[in-house]
Amino acid sequence: QVQFVESGGGLVQPGGSLRLSCAASGSTISIYAMGWYRQAPGKWRELVATITRGGSTNYADSVKGRFTISRDNAKNAVYLQMNSLKPEDTAVYYCNTEPTGPYWGQGTQVIVSS
């Protein structure tokens, strides 16, 4: 089963940018559609962005036009470029296959605050 390690989060001011990375192990991600998910305090985990095996992307309405998901199958990695960040983007961000597998990484914390 594929497992994940997320990184790249941090504290950023509104309007700023971050690039999240997800390193996968245990299996090649090339056979999977992949997704970025996030969970804000007191809320359910939600799907933020997906990318198919062929590279087609889809985004939640709340991040459309601001976030970009990409993948590098040679590096077994997935990325999330986040621009024009808003306080409501504050959450722990996770990557996983889409639909999700049983193993979740520790996530990476993103805090958008002035």
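At 41% relative accessibility, Ser 84 counts as partly exposed (buried means under 20% relative accessible area, exposed over 50% and partly exposed in between, with a 1.4 Å probe and protein chains only). Ser 84 lies in the loop between strand 8 and strand 9, and its phi is positive, at about 50 degrees, although the residue is not a glycine. The structure is a predicted model, in which local features need pLDDT of at least 70 and side-chain atom pairs count only at pLDDT 80 or more, while totals for chains, interfaces and linings use all residues. Residues are numbered from 1 along each chain as its sequence is written, and side-chain values use heavy atoms, with hydrogens and water left out.

Two further backbone features sit in loops. Asn 76, in the loop between strand 7 and strand 8, also is not a glycine and has a positive phi of about 55 degrees. Asn 76 counts as buried because its relative accessibility is 14%. In the loop between strand 9 and strand 10 lies Pro 99, which is joined to Glu 98 by a cis peptide bond with omega of about 0 degrees. For context, most residues other than glycine have a negative phi, and most peptide bonds are trans.

Turning to the overall fold, the protein has 0 helices and 10 strands (DSSP runs numbered from the N terminus: H or I of at least four residues for helices, E of at least two for strands). The radius of gyration is 13 Å, close to the 13 Å that the globule rule gives for 114 residues, so the protein is as compact as a globular protein of that length; the radius is taken over C-alpha atoms, and the rule is 2.2 Å times the number of residues to the power 0.38. The C-alpha trace spans about 40 × 25 × 20 Å along its principal axes. Of contacts (heavy atoms within 4.5 Å) between residues at least 6 apart in sequence, 55% join residues at least 24 apart.

Buried residues account for 41% of the 114 residues. The largest nonpolar core has 28 residues, and those with the most contacts inside it are Trp 36, Phe 67, Ile 69, Leu 80, Met 82 and Tyr 93. Such a core is a set of buried Ala, Val, Leu, Ile, Met, Phe, Trp, Tyr and Cys residues joined through side-chain atoms within 4.5 Å. Elements giving two or more residues to this core include strand 4 (34-39), strand 7 (67-72) and strand 8 (77-82), while strand 3 gives the most, with 4 residues.
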